[in-house]
Amino acid sequence: METTLKDLLHAINIIGDDFDVTVDGVDAIAVCPPVKITPEGQKYFKEALEATVQVEYHSDDSYWGTYVSNEDDEIDQKAWHFLTSLAGHCDEDDYNKWFEAENAEII
């Protein structure tokens, strides 16, 4: 199934469980709900949130795999920047501005 990173994050919020997301050619990182973002964060990470995500179920291992994979490696890098920032691997002021301000809403 193909979707956007934003829609995947919305699904993760609904499911309520941590989910590993792999970015093609980069690495994997856990996304832990609830995922919130501010309007400023939505603007800053617009291209990342629109990145293409492949969601696959691996029945032999009984797990869901998610892969951010785009023709444009720059989009994958932007998605990785978003995911690592969401996990707190960014400047504290940026984290608060993008994910924790009073106007942050659950995706």
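Is Phe45 buried or exposed? Phe45 is buried, with a relative accessible area of 3%; buried stands for under 20% relative accessible area, exposed for over 50%, and partly exposed for what lies in between (1.4 Å probe, protein chains only). With that residue as a starting point, here are the close-up views.

The structure is a predicted model, in which local features need pLDDT of at least 70 and side-chain atom pairs count only at pLDDT 80 or more, while totals for chains, interfaces and linings use all residues. Residues are numbered from 1 along each chain as its sequence is written, and side-chain values use heavy atoms, with hydrogens and water left out.

**View 1. Phe45 and Phe99 form a stacked aromatic pair.** The rings sit 6.0 Å apart, centre to centre, with 20° between their planes. Rings of Phe, Tyr and Trp (its six-membered ring) are paired when their centres lie within 6.5 Å; planes under 30 degrees apart are stacked, over 60 edge-to-face, and the rest tilted. Phe45 belongs to the loop between helix H2 (39–44) and H3, and Phe99 to helix H5, so this pair links distant parts of the chain, 54 residues apart. Helices (H or I, at least four residues) and strands (E, at least two) are DSSP runs, numbered from the N terminus. Phe99 is buried too, at a relative accessible area of 1%. If you look around the two rings, you will find one aromatic cluster made of Tyr44, Phe45, Phe82, Tyr95, Trp98 and Phe99. The whole structure holds 8 aromatic pairs.

**View 2. Helix H1 carries buried residues along one face.** In H1 (residues 5–15), the buried residues are Leu5, Leu8, Leu9, Ile12 and Asn13. Seen down the axis of H1, they fall within an arc of 145°, so they line one face of the helix; the arc is taken from the directions that run from the helix axis to the C-beta atoms. An α-helix has 3.6 residues a turn, so residues three or four places apart point the same way. After H1 comes Gly16, with a positive phi near 85°.

**View 3. Strand E2 alternates its side chains between two faces.** E2 pairs with strand E3 (residues 27–31) in the antiparallel sense, over 5 bridges; for two strands to count as paired, DSSP must find at least two bridges between them. Across the pairing, Val21 has Ile29 as its bridge partner. The hairpin has 3 residues between the strands, and Gly25 there takes a positive phi near 75°.

**View 4. Pro33 and Pro34 are joined by a cis peptide bond.** Its omega is about 5°. Pro34 is found in the loop between E3 and strand E4 (36–37).

**View 5. A salt bridge connects Glu100 and Lys36.** The N to O distance is 3.8 Å, and a salt bridge here means a side-chain nitrogen of Lys or Arg within 4 Å of a carboxyl oxygen of Asp or Glu. Glu100 lies in helix H5 (residues 92–100) and Lys36 in strand E4, so the pair ties together parts that are 64 residues apart in sequence. Glu100 is partly exposed at 39%, and Lys36 is partly exposed at 28%. By this rule, the count is 6 salt bridges.

**View 6. Lys78 forms salt bridges with Glu47 and with Glu74.** For Lys78 and Glu47, the closest N and O atoms are 2.4 Å apart. Lys78 lies in helix H4 (residues 73–86) and Glu47 in helix H3 (residues 46–49), so this pair ties together parts that are 31 residues apart in sequence. For Glu74 and Lys78, the closest N and O atoms are 3.4 Å apart. These two are 4 residues apart in H4, separated by about one helical turn.

**View 7. Asn70 sits in the loop between strand E6 (63–68) and H4.** Asn70 is buried, with a relative accessible area of 17%. Its side chain reaches the backbone nitrogen of Thr52 at 3.0 Å. Leaving aside residues up to four places away in sequence, Asn70 touches Ala51, Thr52, Ile75 and Asp76, where contact means heavy atoms within 4.5 Å.

How values were computed. A polar contact is a pair of N or O atoms within 3.5 Å; within protein, one must be able to donate a hydrogen and the other to accept it, and residues adjacent in sequence count only if both atoms are side-chain atoms.
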